[in-house]
Amino acid sequence: MSESRGLRSWLTTTDHKRIGLLYFWTAFAFFLIGGLEALVIRAQLARPESHLVTADTYNQLFTMHGTTMVFLALMPLGAAFFNFIVPLQIGARDVVFPRLNAFSYWVFVLGGVFMNASWFLPGHPAPDGGWFGYATLTERQFSPGPNIDFWVLGLQILGIASLAAGFNFIVTILNLRAPGMRLKRLPVFSWMTLVTSFLIITAFPVITVALVFLMFDRVFGTAFYLPAGGGDPVLWQHLFWVFGHPEVYILILPAMGIVSEVLPVFSRKPLFGYTVIVYSGVLIGFMGWGVWSHHMFSVGLGPIADSVFSLTTMLIAIPTGVKIFNWIATMWGGSLRLTTAMNFAIGFIALFTIGGLSGITHASPPADLQQTDTYYVVAHFHYVLFGGTIMGLFAGIYYWWPKMTGRLLSERLGQVHFWLTFIGMNLTFGPMHLIGLHGMPRRIYTYTSDLGVDRMNLWSSIGALVLGVGMLLFIYNVWRTRRHGAAAGPNPWRGATLEWATTSPPPPHNFDVIPTVRSRMPLWDPHPPPQEPSPGPVHVPPGSWWPLVSAIGLPVMALAPLVHLWWVALVGAAIILFGVYRWAYEPFEV
Amino acid sequence: MSHGASAHSTSMGLDSRKMAFWAFIGSECLLFGTLISTYLIYQGRSVSGPTPGEILNIPVTTVSTFDLLMSSLWMVLALAAVQRGDMKWAKIWLLGVAIGGLIFLGFQVYEFASFVHEGLTLRTNLFGATFFVLTGTHGAHVTVGVLWMVTLWVRAVQGKLGPEHAITVEIAGLYWHFVDVVWIVIFTMVYLLHK
């Protein structure tokens, strides 16, 4: 790239490290928005019969909290690390299709902005049908406003971003590995990125078709999910959860990959059972496709379907349990360094295990029928997605921050952040198990005192506040580190994988010489292979405007059903076509 | 197309663009799989007519199916011509594929128009909704394929397509054959085995 500073360089960048940073900051902003929505929810539920927000606003808050956290915060935070770390870990100069990578990012931003723009329109018609969007509630008859349209269209846009990234990372990991890096030497984080990418490219087409059906019902008057026309709302549930359960693993596998990197480095021991951990991840990827109906036990699918899905759900706990034992065995007898990253990784194991165990309790249909739609389920999946994914992501943030920025985050502030998060998380979601077992239903904007859950709800809300304080501390830590953070050097943690073999932050071309690999942990190799001398300057691809231009066409197309002007869709399609042709025929040498 | 993806030797020994395209085809299988499954699940569940048996015109669609199958053959010939550097025949066959695709789309426009005329629209019943969304999605794929073929043909006419670009033609061919295979499944499931 001719210039390396300024707005233009960021709008046209195809450098995986810059795109990784863009992903990080954008996803972190959405994470704060989703967190703010959660805080309002907890403020509303802090006491019984509260009227802080109306029931309608509450519906919007929990819908957008869930949708934002899943699609705009956790998935793209994982993608930030896919982008920044995976090419470095496998010893590549970039991803295989740098412009497609930029396209993924821009589509993600525009899709997120598109959906959240609904907050700012007259009457703020933000989506309000839950992140699961069950038909027939989401049909035009029961949701006449544009709220659900924003959701349906926004998710279709976001799906395209995920699909494009999925293809890119599959080929990058399979095809751009450094010499000697066989698949059985691939770092676990890159392995989990590969499995996640396969899940993305197979699960997202299903939700896309489900959303297209819903869009046709709402816009063109079909009856895909309308019983009056012979349609079946249960079809939506099947299609949503056929996507939705692999999606759960799309969210957790990257975090499992991160802790598999962090635990060995801070235990000064190789990962225990590398092969078994990798195979377990692959097995989870396959088995994740066979458990979706456990989200639907209350539909009444019949004893055979219930038994089969109950069994598969219990079975999928096995590879997950295998991983947990392997992580513990990795720490066993190691010389542990309890850095913030390590604390978050250990916190991940503890909390994810709790979430996994409560998950097994509703693998049994009779038990699930008591728990479904109560706060017990909310407790369960927050232990998995907060206790699991977010703790894992923070382990990754503290671990890789020095690589991404060249400076170490403050350990002192980090430790306080960890403990506030760990305590706040348990205080928020722990009581929800009991609140749920007392019978408090999910997605209802308030409750009465006779349920006997007043005090537990108050504790839960206090816990959310603690989490908020912890987050402010993290933001301060990041802010402070810009100027005052200690310089990291290439390998501050004495890590073993290739991202630590280059400077922090790495140069645009990553490595002066592509390293040759002879073992699973090249930087711990007692006899590293001789590296070739530097061949001189390395060609770095220039930036490109066309990924951004092509991406802009998508939200323009999505405007058409909202404004009921069909030529708008043609304008959007024309922008995409123009962008793609310029993209295809611009000179761009990788 | 950028040439960078295959410029360096790859870990798996397979061109990166081709590998990405195979992954894309795998993804598309799930897309069409979901559409076809929905069609089959909803078969016979329309609460009013017209039904498939009353309205599907198998002889006419057999002709358009034959046309699409032939276009796949021309695609094979186009790729072979590009690979051996015979650009005269490459241009002929590429244009042939595009025209074959256009003929198929013409048949589909005729079919859709006559169905609407006979009283079957998206909104008429479940058959209409599932049929139009499924075959319409396939038609959209054929349209993209036709644009692709015309683009390759224009490049060939401009003298910018040679044997060194055979891989781009091969990938376009993968797409075309895939769309063709999907149609064979649709033709069998929707037309020949209708209830």
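This is a predicted model: local features need pLDDT of at least 70, side-chain atom pairs count only at pLDDT 80 or more; totals for chains, interfaces and linings use all residues.
## A tour of the two-chain model

Start in the loop between α14 and α15 of chain A, where you will find Asn510(A). Its phi is near 70 degrees, a positive value in a residue that is not glycine.

Select Ser504(A) along with Pro505(A): the peptide bond joining them is cis, with omega about -10 degrees.

**Next stop: Arg443(A).** Move to the loop between α13 and α14 of chain A, which holds Arg443(A). This is another non-glycine residue with positive phi, here near 65 degrees. Is Arg443(A) buried or exposed? Arg443(A) is exposed: it has 12 other C-beta atoms within 10 Å, and the cut-off for exposed is 12 or fewer.

**Into helix α13.** Select residues 411-437 of chain A, which form α13, and pick out Gly424(A). With 21 other C-beta atoms within 10 Å, Gly424(A) is buried. Now show what surrounds Gly424(A). Beyond four places in sequence, its contacts are Gly463(A), Val466(A), Leu467(A) and Gly470(A). Then draw a distance from Gly424(A) to Ser460(A). The two C-alpha atoms are 8.6 Å apart, across 36 residues of sequence.

**The bent helix.** Select α12 of chain A, residues 375-405. Look for the bend at Tyr399(A), about 45 degrees. A proline, Pro402(A), follows within four residues. Of the 31 residues in α12(A), 29 are buried, so this helix is largely enclosed by the rest of the structure. Step past the end of α12(A) to Gly406(A), which has a positive phi near 90 degrees.

**The nonpolar cores.** Which residues have the most contacts inside the largest nonpolar core? Select Ala210(A), Val259(A), Val262(A), Ala345(A), Ala395(A), Ala78(B) and Leu94(B). The core itself counts 213 residues. It takes at least three residues from each of domain 1 (6-511) and domain 2 (548-590) of chain A. Now centre on Ala345(A). Setting aside residues up to four places away in sequence, Ala345(A) touches Val259(A), Val262(A), Leu263(A) and Ala395(A). A second core stands separate, with five residues. Among them are Tyr58(A), Phe62(A), Met64(A) and Ala126(A).

**Two domains in chain A.** Colour residues 6-511 as domain 1 and 548-590 as domain 2. Their C-alpha centres are 29 Å apart. Where they touch, domain 1 contributes 15 residues and domain 2 contributes twelve. On the domain 1 side, the elements giving two or more residues are α4 (98-116) and α5 of chain A. The largest share, seven residues, belongs to α4(A). What kinds of residue make up this side of domain 1? Twelve are nonpolar, three are charged and none is polar.

**The chain A and chain B interface.** Display both chains. The contact involves 32 residues of chain A and 30 residues of chain B. On chain A, select α5 (147-175), α6 (188-220) and α7 (233-267), the elements that each give two or more residues to this side. α6(A) supplies the largest share, nine residues. By type, the chain A side has 22 nonpolar residues, eight polar and two charged. For the complex, the predictor reports an ipTM of 0.95 and a pTM of 0.96.

**Last stop: chain B.** How many helices and strands does chain B have? There are seven helices and zero strands. Its C-alpha atoms fill a box of roughly 60 × 35 × 25 Å along the principal axes. Of its 195 residues, 38% are buried. Among contacts in chain B with a separation of 6 or more, 81% join residues 24 or more positions apart.

Now select Gly49(B) and Pro50(B). The peptide bond between them is cis, with omega near -5 degrees. Pro50(B) lies in the loop between α2 (16-41) and α3 (52-55) of chain B.

Finish by colouring chain B by confidence. The average pLDDT is 94, and 95% of the residues score at least 70. Residues 1-7 of chain B fall below 50, and this stretch has 18 contacts in the model beyond near neighbours in sequence.

Definitions and conventions:
Residues are numbered from 1 along each chain as its sequence is written. Chains are lettered from A and ligands numbered from 1 in the order in which they are written. pLDDT is the predictor's confidence in each residue, from 0 to 100. Two residues are in contact if their C-beta atoms, placed from the backbone, lie within 7 Å. A residue is buried if 20 or more other C-beta atoms lie within 10 Å of its own, exposed if 12 or fewer, and partly exposed in between; C-beta atoms are placed from the backbone. Ala, Val, Leu, Ile, Met, Phe, Trp, Tyr, Cys and Pro count as nonpolar, Asp, Glu, Lys and Arg as charged, and the others, Gly among them, as polar. Domain bounds come from an automatic or database domain assignment. The bend at a residue is the angle between axes fitted to the seven residues ending there and the seven starting there. A nonpolar core is a set of buried Ala, Val, Leu, Ile, Met, Phe, Trp, Tyr and Cys residues joined through C-beta atoms within 7 Å.
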